Amino acid sequence: MQTTVQKASRKAVILLSGGLDSATVLALAREAGYVCHCISFDYGQRHRVELEAARRVASALGAAGHVIVPVGLDVLGGSALTADIAVPKGRSAARMGADIPVTYVPARNTVFLSLALGYAEVLGARDIFIGANALDYSGYPDCRAEYLEAFERLANLATKAGVEGSPFTLHAPLLRMSKAEIIKEGLRLRVDYSMTRSCYDPDEQGHACGQCDSCVLRQKGFTEAGVG
Ligand code: ZN
């Protein structure tokens, strides 16, 4: 697993949600010379408006391709993002870090990374980029370095490419960055964050609620980056 981005000129698969973090990851991968193929997931999320943002971001940042894969995680439910469970509002950063929140989607990154892995194998890409971040107070177990390292090992055991000696590398360049550091990197790379959507619970017109953990962390990040 790599948390820094080295120069390359080959295909990569980028997990793109339409949010701030994954837009920054796409910009970093492009800067490093990768030919970027984006993958997004229509997983029954209440903030489905993020998929429109993902389309805009992929186009604006010069992605070579973009697929949106339907995955009905709302059939399983079990999360405030995919079931009729209230999204927490108005929480402090300390409160957010106290436990794994109800916005955790069971096994989401394992499902998403598995599909990204399949897409990479089909494309002949050996590099997969994810905007996982271990410092954003979320406490999501599938955003930790140990998890990502384990998934990379799994990827190389589970695939024809891996077994035949052409291993995959999982890149998580934001893993140890603060939200403010991520935003500064994105601004350096001229990411237009007005195109991105972070809110877990937008209204029917797609307007951010301003109160969910994701909105609070986004605003805190812009403030700390000096652009809020
Ligand atoms: Zn919100």
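Reader: Which residues is L113 in contact with, leaving aside its neighbours within four places in sequence?

Author: In this predicted model, L113 is in contact with L15, I128, I130, Y147, L148, F151 and L170.

Reader: And where does L113 stand in the largest nonpolar core?

Author: That core has 38 residues, and L113 is among those that touch the most other members.

Reader: Turning to α1 and α8, how do their axes cross?

Author: The axes of α1 (residues 20-31) and α8 (residues 179-188) cross at roughly 45° and come within 9 Å. The two helices are therefore oblique to each other. α1 passes α8 in a crossing that is left-handed.

Reader: Which residues meet there?

Author: On the α1 side they are L20, D21, T24, L28 and E31. On the α8 side they are K179, I182, I183, E185, G186 and R188. This contact of α1 with α8 divides into four nonpolar, two polar and five charged residues.

Reader: What about α8 and α9: at what angle do their axes cross?

Author: They cross at roughly 65°, and the axes come within 8 Å; α9 covers residues 213-224. α8 and α9 are therefore roughly perpendicular to each other. Here the crossing is right-handed.

Reader: Which residues of α8 and α9 make the contact?

Author: K179, A180, I183 and K184 belong to α8, while L217, R218, G221, F222 and E224 belong to α9. They comprise four nonpolar, one polar and four charged residues. K179 and I183 of α8 are in this contact, and they also meet α1.

Reader: On to the loops. Where is C143 found, and is it buried or exposed?

Author: C143 is in the loop between β4 (127-129) and α6. With a relative accessible area of 11%, C143 is buried, because buried means under 20%.

Reader: Which residues is C143 in contact with, neighbours within four places in sequence left aside?

Author: They are N109, A132, N133, A134 and L175. As for A132, its C-alpha atom is separated from that of C143 by 5.1 Å, and the two residues are 11 apart along the chain. N109 also takes part in the contact of α5 with α6.

Reader: Where does Q211 lie, and what does it touch?

Author: Q211 is in the loop between α8 and α9. Its relative accessible area is 41%, and Q211 is partly exposed. Leaving aside neighbours within four places in sequence, Q211 is in contact with P88, K89, G90, R91 and V216. The C-alpha atoms of Q211 and C199, 12 residues apart along the chain, are 8.6 Å from each other.

Reader: One last topic, backbone angles. What is phi of A107, and what is phi of R190?

Author: Phi of A107 is near 60°, which is a positive value in a residue other than glycine. R190 likewise has a positive phi near 60° and is not glycine. For context, most residues other than glycine have a negative phi.

Reader: Where is A107, where is R190, and how exposed is each?

Author: A107 is in the loop between α4 (93-96) and α5, and is partly exposed at a relative accessible area of 36%. R190 is in the loop between α8 and α9. R190 is exposed, with a relative accessible area of 74%.

How values were computed:
Residues are numbered from 1 along each chain as its sequence is written. This is a predicted model: local features need pLDDT of at least 70, side-chain atom pairs count only at pLDDT 80 or more; totals for chains, interfaces and linings use all residues. Side-chain values use heavy atoms; hydrogens and water are left out. A nonpolar core is a set of buried Ala, Val, Leu, Ile, Met, Phe, Trp, Tyr and Cys residues joined through side-chain atoms within 4.5 Å. Buried means under 20% relative accessible area, exposed over 50%, partly exposed in between (1.4 Å probe, protein chains only). Contact means heavy atoms within 4.5 Å. Axes are lines fitted to C-alpha atoms, for helices over the stretch in contact, and angles run from 0 to 180 degrees between N-to-C directions. Helices (H or I, at least four residues) and strands (E, at least two) are DSSP runs, numbered from the N terminus. Angles under 35 degrees count as roughly parallel, over 145 as roughly antiparallel, 65 to 115 as roughly perpendicular and the rest as oblique. A crossing is left-handed if the near helix is turned anticlockwise from the far one by less than a right angle, and right-handed if clockwise. Ala, Val, Leu, Ile, Met, Phe, Trp, Tyr, Cys and Pro count as nonpolar, Asp, Glu, Lys and Arg as charged, and the others, Gly among them, as polar.
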